[in-house]
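Please read it alongside the sequence and coordinates shown here.

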Amino acid sequence: MGKAPVFYSEIGKKARDLLTKDYTYDHKFVVATTTQSGLAFTSNAVKRGEALLADVTTSFKNKNITADVKVDTKSNIITTITVDEFAPGAKSIFSFTIPDHNSGKLELQYRQDYAAITGKVGLTPSPIVEATGVVGSDGFAVGGELAFDTASGNITKYSAGLNVIKPDFNASLTLADKGDTLKASYLHTVSPVSRTTVAAEIMHKISKNENTFTVGGLYELDVLTTVKARLNSHGKVAALLQHEWRPKSLVTISGEVDTKALEKAAKMGLAISLKP
């Protein structure tokens with residue numbers, strides 16, 4: 001019995017998301033709207049210190065083709081065209097940024113019962129070629145990634161990892177940064193009813209003989225309110241409160257304190273997301 005494995009980028013993603021996703025120490029405001037014709041608009045505004053960054057994304061989907069165009073405050077136009085299921089299990093993603101004429105990229109993804117592979121190439125005369133591959137089934141997957149610079153003839157990136165996924169836990173082990181970083185993560189669902197989940201991640205830098213350890217958890221106060229917290233080996237404690245005050249619309253308050261430098265002000269952030 002086969003079950004399609006995850007893509008390589010998804011190895012360890014569940015634990016990583018619990019420990020990092022939705023934590024923000026800026027002021028962020030997101031508004032999304034959708035027209036009757038299916039055209040979707042998403043506006044983002046972020047106040048980071050004294051700087052104000054903003055962008056507007058337009059998304060349109062017709063059958064299996066999705067086109068996204070984002071314009072930001074730096075006058076960049078980022079376009080992404082996705083063709084889903086152009087062949088069974090296959091997807092293509094074409095992206096480019098104006099005015100950067102060297103930004104064009106083409107990515108192909110393919111997933112079937114026992115394998116998931118991706119390939120990405122820059123649309124330049126001497127591109128960087130990237131590839132990932134994962135094989136597995138029934139909750140176990142092993143794979144790797146590789147990047148090759150055709151201009152210099154050098155391998156610029158390689159890593160390997162494995163992932164074990166079961167109904168109540170998710171464990172992964174990766175060797176990245178050309179074999180210099182060893183990372184292990186574990187996520188465990190304590191109570192499906194309250195969505196109580198705990199996660200831990202340890203990262204060892206081989207060349208520096210340094211370890212970084214992070215633990216965190218998630219608890220659902222009610223069906224609309226979630227709290228998360230984390231602590232790492234550098235003494236930084238963070239927490240967030242997220243409330244869905246209307247369907248798909250969220251308000252998130254997060255903060256972080258450095259216990260090794262209590263004289264410094266705590267970081268605080270607020271994110272508001274309005275969606276139809």
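Strands β2 and β3 pair in the antiparallel sense over nine bridges; two strands count as paired if DSSP finds at least two bridges between them. Helices (H or I, at least four residues) and strands (E, at least two) are DSSP runs, numbered from the N terminus. Within this pairing, Phe41 has Thr58 of β3 as its bridge partner. The hairpin of β2 and β3 has two residues between the strands, and Gly49 takes a positive phi near 70° there.

Strand β2 is also joined to β1, by eight bridges, and these two strands run antiparallel. His27 has its bridge partner in β2, namely Lys47. The hairpin formed by β1 and β2 has five residues between the strands, and in its turn Gly38 has a positive phi of about 95°.

## Model and confidence

The model is predicted: local features need pLDDT of at least 70, side-chain atom pairs count only at pLDDT 80 or more, and totals for chains, interfaces and linings use all residues. Residues are numbered from 1 along each chain as its sequence is written, and side-chain values use heavy atoms, with hydrogens and water left out.

The pLDDT, which is the predictor's confidence in each residue from 0 to 100, averages 93 over the protein chain, and 99% of the residues score at least 70. Confidence is lowest in strand β3 (residues 51-62), at a mean of 92, and highest in strand β16 (residues 225-232), at 97.

## Salt bridges

Side chains of opposite charge can pair when their charged atoms come close. The structure holds 10 salt bridges, each defined as a side-chain nitrogen of Lys or Arg within 4 Å of a carboxyl oxygen of Asp or Glu. One of them joins Lys13 to Asp17, with the closest N and O atoms 2.6 Å apart. Because Lys13 and Asp17 are four residues apart in helix α1 (residues 13-20), about one helical turn separates them. Lys13 is partly exposed at 35% relative accessibility, and Asp17 is partly exposed at 23%. Here buried means under 20% relative accessible area, exposed over 50%, and partly exposed in between (1.4 Å probe, protein chains only).

A salt bridge also forms between Asp26 and Arg48, whose closest N and O atoms are 3.1 Å apart. Asp26 lies in the loop between α1 and β1 (27-34) and Arg48 in strand β2 (residues 40-48), so this pair ties together parts that are 22 residues apart in sequence. Asp26 counts as buried at 17% relative accessibility, whereas Arg48 is partly exposed at 46%. Arg195 and Glu220 likewise form a salt bridge, with the closest N and O atoms 3.1 Å apart. This pair links distant parts of the chain, 25 residues apart: Arg195 is in the loop between β13 (181-191) and β14 (196-205), and Glu220 is in strand β15 (residues 210-222). Arg195 is partly exposed at 39%, while Glu220 is buried at 14%.

## Aromatic pairs and a charge over a ring

How many aromatic pairs does a search of the whole structure find? The search finds two. Rings of Phe, Tyr and Trp (its six-membered ring) pair if their centres lie within 6.5 Å; planes under 30 degrees apart count as stacked, over 60 as edge-to-face and the rest as tilted. The rings of Phe94 and Phe96 have centres 5.4 Å apart and planes at 40°, so this pair is tilted. Phe94 is partly exposed at 29% relative accessibility, as is Phe96 at 24%.

The rings of Phe169 and Tyr186 have centres 5.8 Å apart and planes at 25°, so this pair is stacked. Phe169 lies in strand β12 (residues 169-176) and Tyr186 in strand β13, so the pair ties together parts that are 17 residues apart in sequence. Phe169 is partly exposed, with a relative accessible area of 24%, and Tyr186 is partly exposed at 36%. Elsewhere, Arg230 lies over the face of Tyr23, at 4.2 Å from the ring centre; a charge sits over a ring if NZ of Lys or CZ of Arg is within 6 Å of the ring centre and within 35 degrees of the ring normal.

Thr66 is found in strand β4 (residues 65-72) and is buried, with a relative accessible area of 18%. Apart from neighbours within four places in sequence, Thr66 is in contact (heavy atoms within 4.5 Å) with Ser59, Phe60, Lys61, Thr80, Ile81 and Thr82.
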